[in-house]
Amino acid sequence: MRRRTLLVPAMLVCAVVLIPSLSRAQTWADDTAIPVSRGHWEVGLFAPIKFGLRDDIELGTHPTLMLVMPHLDAKVLWQRGGRAHFSMIYSLAYPSYLLKLIAREGTGGLLPPNTKVPQSVMLSAMMVGTVDLGARQFVTARAGGTVAPRFSSADQMPLLDFPFLYPRFAALKAVATFKLGLNYDGRMDPVAYGLDVAYFILPVIDRGYTVEQGAWVGWLVSDHFTVRLGYRLSYGRYPAGKLFSYFPFLDLLVGGG
Amino acid sequence: MIATSANRWRIWLVTALMAGAGACDPFHTGFEDDEYPLYYSASSIAAPEGSPQTLLVMDWNIKFGGGRIDFFFDCYGNRVLMSRGEVVSHLQGIADKINQVKPDILLLQEVDINAKRSTFVDQVQWLLDHTELNYGVYASHWRADFIPSDGLGAMDSGNAILSRWPFGEAERIPLALRSDQSSLTRYFYLKRNILRAEVVFTGRPSIEVLNLHAAAYSQDGTKKKHIDTFKSWLDAVDAAGTLLIGGGDLNTIPPGSQQISDFDDSVCTDEEFIADDFSEEVEWLVPFYAAYQPAIDLAVYQANNAPYFSHTTNKDGFWNRKLDYLFTNGTWQIGSGLVHQDVTTGEVETMPLSDHAPLTAVLVLR
């Protein structure tokens, strides 16, 4: 308990200590087709690390999740024309180790302890198009899919039907899953905000789908530190039937570059 | 109006509190105090006799169609989930036994209607569609969108009453929760109930059926509270002058049982799953036997316990304790009480079907 109590203040302290050493951040990453600028980086308690490898390539991974599920996202700017931007986001993940970790007895056992987890990878590709409305307001649409090559039949793959994780791991039990999304992101200093809706087609079961809707508001404390508060809703047809779930979140992000 | 810094913080705080309040049951494990049972009917209805003279009543804990798979909580194995083939095969065995007995009213415990462990088969509907029973009511005692423990996942399991005759009013009576668990465990744990339902006949007064599955593993007196509450409800129905059947898996043994602890099938060392010491419970059911007629007469049981044992966790052993009961404020047909232990007693081998043997008796209608 003591360790947990100290964790958040410690991270805050780290953030504050780090801020003076950072060079001025040019921008915070928006959930758009536009990659962050070259050399920019940012990371949150829950948000992934984003790093501008070049002005047209952004790499992303989650630092904690990376330890148990190696994964990498690459956002590649494909075309920029006037106010329109088009990118592809490619993702590669190796989920087998994570699935083995959560196949355990007692609390935290999201899968049965006797689950046999085959080796597999998940590959995703997402087309993203953004219209810059000016004054740092963006509308973004996306469409893509995920496949999971595996050394096992889909029937033998474990079903991870935990809310919010289900649409992200369902490809392990299906030929492919698909996602359509629309989001609006904006910034009016010192406030940033985002609103999104996503529709997942999940052919794990007949007419399987989930719809997620989220929103967040961020306070841009400085060019290097921001606080975000938001929620995500999920409604969909799971193997257990139609379920509604949601969670609020608070995230602290630091960035620089 | 431009929000001040203080106002901004207030807005954030209120938003966070609202979000937190809304998320207090994020996995939907709770029940409303006045939550209604679910009503079922078979896909095809066989018209029952309008005014029967007797009712064959059956009580059975069917272990969610788990048959004799060695599940982790019995400490014989580590299974958590079943295949659909296993579930349907076990349910077919249960339905075959029900069809052999041909009960008029069936009290069931541990029935899954939407659980990952039993491949989301609605077992109440399945049994209605594969037996001669027409109607059902169901009250959940364990429900969650997802249980993040042992890989259990989605769960909806509870008590059910099936009948040839339709149900009138039915009620899910919530029971005390265990107090010897952490709040997190309690949030996801079973929330037991008494399922009370009125069976409606044409040409004669209706009867009340009350079904209980009492706590099994509690160390804090919760089981006693469940049993006492059940007795209170039987008394209330009896006081109203209504003919009643009360039964279920009471998870305790009758007074005068010869063995009260250290059963040879109990292999659990984890205290959470130890349930074989009844030494402090031997008097708990005395008020039931004093006030109501049991399906198995107490003197008969005390003279020879073994023929009336209805439970064992060891599929390779034999029934070694009596946990399952039927009581009435009416009259059971003399000598009709029977525990269907095996082919000899009930014409069908019931050991492979569940960790409980079914109990039947014939109720004489006034």
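Which side chain does the side chain of Ser310(B) meet in a polar contact? Its partner is the side chain of Asp324(B), at 2.6 Å. With that detail as a way in, here is a short tour of this predicted model.

## Confidence in the model

The model as a whole scores ipTM 0.79 and pTM 0.85. Chain B has a mean pLDDT of 91, with 91% of its residues at 70 or more. For chain A the mean pLDDT is 84, and 88% of its residues reach 70 or more. Residues 1-26 of chain A have pLDDT below 50, and this stretch makes 25 contacts in the model beyond near neighbours in sequence. A word of care applies here: where pLDDT is low, the predicted coordinates should not be read in detail.

Chain A is built with 4 helices and 12 strands. Of its 257 residues, 48% count as buried. Taking contacts in chain A between residues at least 6 apart in sequence, 53% join residues at least 24 apart.

Arg232(A) is classed as buried because its relative accessible area is 18%, under the 20% cut-off. Glu212(A) is buried too, at 0% relative accessibility, and so is Asp196(A). Together with Arg168(A), these residues are linked in a network of salt bridges. Over all chains, the count comes to 24 salt bridges.

## Where the two chains meet

The contact between the chains draws on 27 residues from chain A and 26 residues from chain B. About 2100 Å² is buried between them, 66% of it on carbon and sulfur atoms. There are 9 residue pairs in polar contact across the interface, with both residues at pLDDT 80 or more. On the chain A side, strands E10 (209-222), E11 (225-238) and E12 (241-256) each supply at least two residues. The largest share, 5 residues, comes from E12(A). By class, the chain A side has 17 nonpolar, 7 polar and 3 charged residues.

The interface holds 1 salt bridge. Lys116(B) pairs with Asp161(A), and their closest N and O atoms are 3.1 Å apart.

## Two sites in chain B

Back to Ser310(B), which lies in the loop between helix H7 (298-303) and strand E11 (324-328) of chain B. Ser310(B) is buried, with a relative accessible area of 2%. Beyond its neighbours within four places in sequence, its contacts include Trp319(B), Arg321(B), Val339(B), Asp355(B) and His356(B).

For a sense of distance along the chain, Asp235(B) and Glu35(B) are 200 residues apart, and their C-alpha atoms are separated by 22 Å.

Note on methods
Residues numbered from 1 in each chain as written. Chains lettered and ligands numbered in written order. Heavy atoms only, no water. Contact = heavy atoms within 4.5 Å. Buried area = accessible area lost by both parts, 1.4 Å probe. Salt bridge = Lys/Arg side-chain N within 4 Å of Asp/Glu carboxyl O. Polar contact = N/O pair within 3.5 Å; in protein donor to acceptor, adjacent residues only side chain to side chain. Nonpolar A, V, L, I, M, F, W, Y, C, P; charged D, E, K, R; others polar. pLDDT = per-residue confidence, 0-100. Buried < 20%, exposed > 50% of the residue type's maximum accessible area, 1.4 Å probe, protein only.
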